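Subject: Structure for you to look at

Hello,

Please find below the sequence and structure I said I would pass on. My notes come after it.

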Amino acid sequence: MSTIKCLFVVASIVTLAVALIFGNSFPNALSISSFENKSRLYYTSQSANKVVMINFDDGRKSQLIYAKPILDKYGFKASFFIICGRVGTERSSMNWQDIAELKRDGMGIESHSMTHINLNKLSTNALNFEIGGSKQCFAKHGYNTTIFGYPFNLGSNNPSVVKMVAQYYNIGRSGSDRLMFLNCKGYMKDTQADCRIYSANGKLTHANRYDIRTASFHHVNKKHNFTPAEMFHVFLQIVNGQTPYNSNGKINAIPIIVYHDITTSLQDYAKPSHAVSTTLDLFAQEMKYLHDNGFRVLLLDQLGYDPNNNVFYTPSPSAAALS
Ligand SMILES: [Zn+2]
(Lines give C-alpha, C1' and ligand atoms only; values in the text may rest on other atoms or scores of the structure.)
Protein backbone atom coordinates (compact mmCIF):
# COMPACT_ATOMS: atom_id res chain seq x y z
CA MET A 1 0.00 0.00 0.00
CA SER A 2 1.38 3.42 -0.87
CA THR A 3 2.12 5.88 1.95
CA ILE A 4 -0.70 8.18 0.84
CA LYS A 5 -3.19 5.31 0.72
CA CYS A 6 -2.02 4.12 4.10
CA LEU A 7 -2.43 7.59 5.62
CA PHE A 8 -5.89 7.82 4.10
CA VAL A 9 -6.91 4.50 5.66
CA VAL A 10 -5.57 5.54 9.07
CA ALA A 11 -7.39 8.90 8.83
CA SER A 12 -10.61 7.15 7.82
CA ILE A 13 -10.42 4.71 10.74
CA VAL A 14 -9.83 7.50 13.23
CA THR A 15 -12.66 9.58 11.71
CA LEU A 16 -15.02 6.61 11.93
CA ALA A 17 -14.00 5.96 15.52
CA VAL A 18 -14.55 9.62 16.38
CA ALA A 19 -17.99 9.51 14.80
CA LEU A 20 -18.82 6.33 16.73
CA ILE A 21 -17.69 7.65 20.08
CA PHE A 22 -19.36 11.03 19.80
CA GLY A 23 -22.27 10.05 17.58
CA ASN A 24 -24.76 12.77 16.81
CA SER A 25 -23.82 14.83 19.82
CA PHE A 26 -20.96 16.26 17.75
CA PRO A 27 -22.54 17.18 14.43
CA ASN A 28 -20.80 18.55 11.38
CA ALA A 29 -17.68 16.40 11.77
CA LEU A 30 -15.13 17.18 9.09
CA SER A 31 -12.77 14.52 7.80
CA ILE A 32 -9.28 14.82 9.22
CA SER A 33 -7.62 15.56 5.88
CA SER A 34 -10.29 18.16 5.16
CA PHE A 35 -9.93 20.05 8.42
CA GLU A 36 -6.13 19.88 8.38
CA ASN A 37 -6.15 21.48 4.94
CA LYS A 38 -8.65 24.07 6.12
CA SER A 39 -6.58 24.64 9.23
CA ARG A 40 -3.51 25.43 7.11
CA LEU A 41 -5.54 27.60 4.78
CA TYR A 42 -7.11 29.68 7.50
CA TYR A 43 -3.96 30.00 9.57
CA THR A 44 -2.35 33.46 9.68
CA SER A 45 -5.06 35.23 7.67
CA GLN A 46 -7.91 34.14 9.91
CA SER A 47 -6.43 33.33 13.28
CA ALA A 48 -8.73 36.02 14.75
CA ASN A 49 -11.52 33.59 13.98
CA LYS A 50 -10.13 30.84 16.21
CA VAL A 51 -11.21 30.91 19.81
CA VAL A 52 -11.20 28.21 22.43
CA MET A 53 -12.13 27.97 26.10
CA ILE A 54 -10.39 25.59 28.47
CA ASN A 55 -12.11 24.25 31.59
CA PHE A 56 -10.90 21.94 34.34
CA ASP A 57 -13.38 20.09 36.53
CA ASP A 58 -13.32 18.64 40.05
CA GLY A 59 -10.40 20.59 41.61
CA ARG A 60 -7.76 17.90 41.06
CA LYS A 61 -4.26 18.67 42.33
CA SER A 62 -2.83 17.23 39.09
CA GLN A 63 -4.33 20.20 37.22
CA LEU A 64 -2.23 22.59 39.25
CA ILE A 65 0.94 20.49 39.21
CA TYR A 66 0.95 19.41 35.56
CA ALA A 67 -1.43 21.56 33.53
CA LYS A 68 -0.90 25.02 35.01
CA PRO A 69 2.83 25.31 34.14
CA ILE A 70 1.92 24.60 30.52
CA LEU A 71 -0.90 27.14 30.57
CA ASP A 72 1.54 29.66 32.07
CA LYS A 73 4.15 28.93 29.40
CA TYR A 74 1.72 30.11 26.71
CA GLY A 75 -0.10 32.73 28.80
CA PHE A 76 -3.37 30.77 28.54
CA LYS A 77 -6.08 31.25 31.17
CA ALA A 78 -8.54 28.51 32.07
CA SER A 79 -11.68 28.21 34.21
CA PHE A 80 -11.46 25.77 37.12
CA PHE A 81 -14.71 24.24 38.37
CA ILE A 82 -14.13 23.28 41.99
CA ILE A 83 -16.21 21.09 44.32
CA CYS A 84 -16.33 23.36 47.36
CA GLY A 85 -16.98 20.64 49.93
CA ARG A 86 -13.95 18.67 48.74
CA VAL A 87 -11.33 21.43 48.86
CA GLY A 88 -8.33 20.20 50.84
CA THR A 89 -10.03 16.96 51.91
CA GLU A 90 -7.71 14.55 50.04
CA ARG A 91 -4.15 14.62 48.78
CA SER A 92 -5.44 14.51 45.22
CA SER A 93 -7.65 17.59 45.76
CA MET A 94 -6.54 21.19 45.63
CA ASN A 95 -6.54 23.15 48.87
CA TRP A 96 -7.41 26.83 49.36
CA GLN A 97 -3.79 27.92 48.88
CA ASP A 98 -3.74 26.15 45.52
CA ILE A 99 -6.94 27.91 44.51
CA ALA A 100 -5.53 31.26 45.62
CA GLU A 101 -2.51 30.63 43.38
CA LEU A 102 -4.78 29.95 40.40
CA LYS A 103 -6.78 33.11 41.05
CA ARG A 104 -3.65 35.23 41.52
CA ASP A 105 -2.42 34.08 38.12
CA GLY A 106 -5.62 35.08 36.33
CA MET A 107 -7.47 31.75 36.22
CA GLY A 108 -11.24 31.57 36.66
CA ILE A 109 -12.62 29.95 39.81
CA GLU A 110 -16.15 28.60 39.38
CA SER A 111 -18.55 26.37 41.30
CA HIS A 112 -18.98 22.64 40.69
CA SER A 113 -21.40 22.06 43.62
CA MET A 114 -20.73 21.08 47.25
CA THR A 115 -20.38 17.30 46.98
CA HIS A 116 -20.58 16.41 43.25
CA ILE A 117 -23.86 14.56 43.30
CA ASN A 118 -26.53 13.85 40.65
CA LEU A 119 -28.77 16.90 41.08
CA ASN A 120 -31.75 15.23 39.41
CA LYS A 121 -32.41 13.12 42.49
CA LEU A 122 -32.45 15.84 45.12
CA SER A 123 -35.10 17.61 47.22
CA THR A 124 -35.37 21.40 47.03
CA ASN A 125 -33.42 21.75 50.28
CA ALA A 126 -30.63 19.50 49.05
CA LEU A 127 -30.54 21.37 45.73
CA ASN A 128 -30.20 24.62 47.62
CA PHE A 129 -27.29 23.17 49.59
CA GLU A 130 -25.45 21.96 46.46
CA ILE A 131 -26.11 25.02 44.28
CA GLY A 132 -26.65 28.00 46.60
CA GLY A 133 -24.49 26.47 49.35
CA SER A 134 -21.48 26.15 47.06
CA LYS A 135 -21.87 29.81 46.03
CA GLN A 136 -21.79 30.78 49.72
CA CYS A 137 -18.94 28.37 50.44
CA PHE A 138 -16.76 30.08 47.82
CA ALA A 139 -17.91 33.54 48.95
CA LYS A 140 -16.76 32.70 52.48
CA HIS A 141 -13.27 32.17 51.05
CA GLY A 142 -13.36 35.36 49.00
CA TYR A 143 -14.46 34.02 45.61
CA ASN A 144 -17.47 35.35 43.74
CA THR A 145 -18.38 32.40 41.51
CA THR A 146 -20.75 33.35 38.70
CA ILE A 147 -20.83 30.08 36.74
CA PHE A 148 -22.17 26.73 37.92
CA GLY A 149 -20.87 23.48 36.36
CA TYR A 150 -23.42 20.65 36.67
CA PRO A 151 -21.85 17.53 38.24
CA PHE A 152 -21.74 14.68 35.68
CA ASN A 153 -23.30 17.17 33.21
CA LEU A 154 -26.68 16.26 34.72
CA GLY A 155 -29.52 18.59 35.65
CA SER A 156 -29.46 21.24 32.93
CA ASN A 157 -32.62 19.76 31.39
CA ASN A 158 -34.44 19.66 34.72
CA PRO A 159 -36.63 22.75 35.35
CA SER A 160 -36.30 22.73 39.15
CA VAL A 161 -32.51 22.39 38.97
CA VAL A 162 -32.23 25.19 36.39
CA LYS A 163 -34.51 27.42 38.46
CA MET A 164 -32.17 27.03 41.42
CA VAL A 165 -29.03 27.61 39.32
CA ALA A 166 -30.61 30.76 37.85
CA GLN A 167 -31.21 32.07 41.37
CA TYR A 168 -27.49 32.16 42.16
CA TYR A 169 -25.47 32.21 38.91
CA ASN A 170 -25.22 34.04 35.57
CA ILE A 171 -24.36 30.92 33.61
CA GLY A 172 -24.76 27.14 33.91
CA ARG A 173 -22.32 24.87 32.13
CA SER A 174 -23.10 21.37 30.93
CA GLY A 175 -22.18 19.03 28.01
CA SER A 176 -21.79 17.50 25.50
CA ASP A 177 -21.45 19.14 22.12
CA ARG A 178 -18.29 19.80 20.18
CA LEU A 179 -19.19 23.48 19.77
CA MET A 180 -21.06 26.15 21.68
CA PHE A 181 -23.09 28.12 19.14
CA LEU A 182 -23.38 31.69 20.40
CA ASN A 183 -26.82 32.14 18.86
CA CYS A 184 -27.81 28.62 20.02
CA LYS A 185 -29.02 27.73 16.52
CA GLY A 186 -26.51 25.17 15.30
CA TYR A 187 -27.69 22.06 17.11
CA MET A 188 -29.28 19.10 15.39
CA LYS A 189 -31.12 18.10 18.58
CA ASP A 190 -33.21 21.23 18.71
CA THR A 191 -34.56 23.82 16.32
CA GLN A 192 -34.32 26.82 18.57
CA ALA A 193 -34.18 30.33 17.10
CA ASP A 194 -32.02 31.91 19.79
CA CYS A 195 -30.71 31.25 23.29
CA ARG A 196 -33.92 31.82 25.25
CA ILE A 197 -34.23 29.40 28.15
CA TYR A 198 -37.74 28.11 27.43
CA SER A 199 -39.30 27.30 24.07
CA ALA A 200 -42.88 28.31 23.20
CA ASN A 201 -44.25 25.10 24.74
CA GLY A 202 -42.59 25.95 28.05
CA LYS A 203 -39.88 23.29 27.78
CA LEU A 204 -36.23 23.99 28.49
CA THR A 205 -34.19 24.52 25.33
CA HIS A 206 -31.11 22.47 24.44
CA ALA A 207 -28.68 25.38 24.74
CA ASN A 208 -29.16 28.54 26.78
CA ARG A 209 -27.36 30.57 29.46
CA TYR A 210 -28.02 27.78 31.96
CA ASP A 211 -26.99 25.08 29.52
CA ILE A 212 -23.73 26.17 27.93
CA ARG A 213 -22.59 23.21 25.83
CA THR A 214 -19.07 21.87 26.23
CA ALA A 215 -16.91 19.06 24.88
CA SER A 216 -15.98 16.91 27.84
CA PHE A 217 -13.17 14.53 26.90
CA HIS A 218 -13.78 10.80 27.39
CA HIS A 219 -11.26 8.50 25.76
CA VAL A 220 -12.76 5.28 27.13
CA ASN A 221 -16.26 3.95 26.62
CA LYS A 222 -17.74 0.47 26.12
CA LYS A 223 -16.34 0.18 22.61
CA HIS A 224 -13.17 2.25 22.60
CA ASN A 225 -10.03 2.99 24.50
CA PHE A 226 -8.36 5.72 22.51
CA THR A 227 -4.61 6.21 22.74
CA PRO A 228 -3.31 9.74 23.37
CA ALA A 229 -2.44 9.96 19.65
CA GLU A 230 -6.03 9.13 18.71
CA MET A 231 -7.33 11.62 21.25
CA PHE A 232 -5.12 14.28 19.70
CA HIS A 233 -7.01 13.76 16.45
CA VAL A 234 -10.30 14.14 18.33
CA PHE A 235 -8.93 17.35 19.78
CA LEU A 236 -7.99 18.64 16.31
CA GLN A 237 -11.48 17.91 15.04
CA ILE A 238 -13.08 19.71 17.95
CA VAL A 239 -10.93 22.85 17.98
CA ASN A 240 -11.05 23.21 14.19
CA GLY A 241 -14.78 22.48 13.97
CA GLN A 242 -15.46 26.19 14.42
CA THR A 243 -13.76 27.15 11.14
CA PRO A 244 -16.89 27.13 8.93
CA TYR A 245 -18.83 29.32 11.37
CA ASN A 246 -16.42 32.16 12.23
CA SER A 247 -15.26 34.84 9.81
CA ASN A 248 -13.87 38.39 9.83
CA GLY A 249 -13.33 38.20 13.58
CA LYS A 250 -17.03 37.53 14.25
CA ILE A 251 -17.22 34.47 16.46
CA ASN A 252 -20.37 32.37 16.15
CA ALA A 253 -19.12 29.05 17.51
CA ILE A 254 -16.59 28.17 20.20
CA PRO A 255 -15.24 24.82 21.33
CA ILE A 256 -15.22 24.66 25.13
CA ILE A 257 -12.98 21.83 26.22
CA VAL A 258 -13.34 20.23 29.65
CA TYR A 259 -10.39 18.40 31.17
CA HIS A 260 -10.41 16.37 34.37
CA ASP A 261 -7.42 14.52 35.79
CA ILE A 262 -3.97 14.97 34.23
CA THR A 263 -1.77 11.89 34.56
CA THR A 264 1.84 11.04 33.79
CA SER A 265 1.06 7.31 33.74
CA LEU A 266 0.02 5.68 30.47
CA GLN A 267 -1.06 2.62 32.47
CA ASP A 268 -3.44 4.72 34.55
CA TYR A 269 -4.68 6.52 31.44
CA ALA A 270 -5.75 3.25 29.83
CA LYS A 271 -7.89 2.11 32.79
CA PRO A 272 -11.68 2.50 32.39
CA SER A 273 -11.69 4.26 35.77
CA HIS A 274 -9.56 6.97 34.12
CA ALA A 275 -11.92 7.50 31.19
CA VAL A 276 -11.67 11.26 31.53
CA SER A 277 -7.94 11.48 32.22
CA THR A 278 -5.50 13.18 29.87
CA THR A 279 -1.79 12.43 29.79
CA LEU A 280 0.57 15.27 30.51
CA ASP A 281 2.28 14.79 27.14
CA LEU A 282 -1.04 14.94 25.30
CA PHE A 283 -2.09 18.07 27.17
CA ALA A 284 1.26 19.71 26.34
CA GLN A 285 0.85 18.74 22.67
CA GLU A 286 -2.67 20.19 22.58
CA MET A 287 -1.69 23.50 24.18
CA LYS A 288 1.30 23.81 21.83
CA TYR A 289 -1.06 23.28 18.89
CA LEU A 290 -3.36 26.06 20.11
CA HIS A 291 -0.39 28.36 20.57
CA ASP A 292 1.32 27.55 17.26
CA ASN A 293 -1.93 27.97 15.33
CA GLY A 294 -2.86 31.34 16.81
CA PHE A 295 -5.94 30.38 18.84
CA ARG A 296 -7.28 32.98 21.28
CA VAL A 297 -7.94 31.34 24.64
CA LEU A 298 -10.76 32.98 26.59
CA LEU A 299 -12.15 32.42 30.06
CA LEU A 300 -15.72 31.22 30.23
CA ASP A 301 -16.73 34.29 32.22
CA GLN A 302 -15.63 36.48 29.29
CA LEU A 303 -18.67 35.24 27.41
CA GLY A 304 -21.18 38.08 27.24
CA TYR A 305 -24.94 37.76 26.93
CA ASP A 306 -27.26 40.12 25.07
CA PRO A 307 -30.68 39.77 26.77
CA ASN A 308 -32.47 41.76 24.05
CA ASN A 309 -31.52 39.39 21.27
CA ASN A 310 -30.92 36.33 23.47
CA VAL A 311 -27.47 35.62 22.07
CA PHE A 312 -24.00 35.27 23.52
CA TYR A 313 -21.00 37.23 22.30
CA THR A 314 -17.24 37.21 22.79
CA PRO A 315 -15.07 40.21 23.63
CA SER A 316 -13.22 41.74 20.68
CA PRO A 317 -9.59 40.53 20.32
CA SER A 318 -8.21 43.82 21.70
CA ALA A 319 -10.59 43.81 24.69
CA ALA A 320 -9.69 40.20 25.43
CA ALA A 321 -5.99 41.08 25.42
CA LEU A 322 -6.57 43.88 27.92
CA SER A 323 -8.71 41.88 30.33
ZN1 LIG B 1 -17.22 16.83 37.81
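This is a predicted model: local features need pLDDT of at least 70, side-chain atom pairs count only at pLDDT 80 or more; totals for chains, interfaces and linings use all residues.

Helix pairs. Two packed helices are described by the angle between their axes and the distance between the axes. The crossing of H3 with H9 is right-handed. On the H3 side the contact is made by Tyr66, Ala67, Ile70, Leu71 and Tyr74, and on the H9 side by Leu280, Phe283, Ala284, Met287 and His291. Of these residues, nine are nonpolar, one is polar and none is charged.

The other pair is H5 (residues 124–140) with H6 (residues 159–168), which pack at an angle of about 20° with axes 10 Å apart. H5 is therefore roughly parallel to H6. Their crossing is right-handed. From H5, Leu127, Asn128, Ile131, Gly132 and Lys135 meet Ser160, Val161, Met164, Val165, Gln167 and Tyr168 of H6. This contact has six nonpolar residues, four polar and one charged.

Core. The largest nonpolar core contains 69 residues, and Phe80, Ile82, Val165, Met180, Ile254, Ile256 and Ile257 have the most contacts inside it. Helix H7 (residues 228–240) gives the most to this core, with six residues. As for Met180, leaving aside neighbours within four places in sequence, its contacts are Ile212, Arg213, Thr214, Ala253, Ile254 and Ile256.

Regards

Key: Residues are numbered from 1 along each chain as its sequence is written. A crossing is left-handed if the near helix is turned anticlockwise from the far one by less than a right angle, and right-handed if clockwise. Helices (H or I, at least four residues) and strands (E, at least two) are DSSP runs, numbered from the N terminus. Two residues are in contact if their C-beta atoms, placed from the backbone, lie within 7 Å. Ala, Val, Leu, Ile, Met, Phe, Trp, Tyr, Cys and Pro count as nonpolar, Asp, Glu, Lys and Arg as charged, and the others, Gly among them, as polar. A nonpolar core is a set of buried Ala, Val, Leu, Ile, Met, Phe, Trp, Tyr and Cys residues joined through C-beta atoms within 7 Å. A residue is buried if 20 or more other C-beta atoms lie within 10 Å of its own, exposed if 12 or fewer, and partly exposed in between; C-beta atoms are placed from the backbone. Axes are lines fitted to C-alpha atoms, for helices over the stretch in contact, and angles run from 0 to 180 degrees between N-to-C directions. Angles under 35 degrees count as roughly parallel, over 145 as roughly antiparallel, 65 to 115 as roughly perpendicular and the rest as oblique.
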